[in-house]
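Please open the model in your viewer and keep the sequence beside it, so that each selection can be followed step by step.

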Amino acid sequence: MYRETYGRLTAYAARRCDSPQDAADVVAETFAIAWRRMGEVPDGEQATLWLYGVARKVLANHYRGEVRRQALSVQLDAELADVYQAAPDSGVELTAIKQVFLTLPHADRELLSLVAWEGLDREQIATVLGLSRNAVRIRLHRARRRFARALAEADVRFRPESRLIPAEEGQL
């Protein structure tokens with residue numbers, strides 16, 4: 001049944017999905033359901049039609065999931081915009097900081113991100129990275145120094161009023 005229907009179901013899903021990966025997921029889920037419900041699968045051409053019906057329901061679930069994900073993404077974007085507001089003149093500076101940050105070695109970006117974005121202390125970072133606390137202290141010091149040097153070379157100066165600030169302190 002799989003060999004006979006795989007191509008047709010893949011084409012069916014590909015014509016209805018936005019990406020080949022989504023179509024592959026739909027086909028995989030369709031066959032997983034068929035495997036679990038093997039006793040209910042009819043014989044012959046009816047099996048193909050039954051699989052189309054299953055694929056149709058899997059696609060409906062896929063579409064509902066996409067709508068939910070998009071709605072949650074919009075909601076999260078709105079919440080983050082409310083929680084963090086940039087100073088009016090900071091857009092160019094933030095772009096420059098981001099560009100400089102992306103030029104740092106991966107290890108430096110990871111360390112700085114764990115501190116700044118995740119709020120981890122040296123002990124926690126040591127656990128995450130499998131390093132000693134002292135190694136984290138040294139690497140973090142060097143990463144900060146490299147980042148500061150790169151910012152200075154890009155002529156990006158720190159001004160406290162241009163930092164991202166919470167819209168309301170109580171929202172964090």
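Is Arg69 buried, partly exposed or exposed? At 48% relative accessibility, Arg69 counts as partly exposed, where buried means under 20% relative accessible area, exposed over 50% and partly exposed in between, with a 1.4 Å probe and protein chains only. This is a predicted model, in which local features need pLDDT of at least 70 and side-chain atom pairs count only at pLDDT 80 or more, while totals for chains, interfaces and linings use all residues. Residues are numbered from 1 along each chain as its sequence is written, and side-chain values use heavy atoms, leaving out hydrogens and water.

Because they lie three residues apart in helix α3, Arg69 and Glu66 are separated by about one helical turn; helices (H or I, at least four residues) and strands (E, at least two) are DSSP runs numbered from the N terminus.

Next, select Arg36 and Glu29, whose side chains meet in a salt bridge at 3.8 Å, N to O. Arg36 is exposed at 58% relative accessibility, whereas Glu29 is partly exposed at 35%.

Then select Glu40 and Arg37, which form a salt bridge at 2.6 Å, N to O. Glu40 is partly exposed, with a relative accessible area of 49%, and Arg37 is also partly exposed, at 36%.

Finally, show the whole chain, which has seven helices and two strands, and in which buried residues make up 27% of the 172 residues.

Notes: A salt bridge is a side-chain nitrogen of Lys or Arg within 4 Å of a carboxyl oxygen of Asp or Glu.
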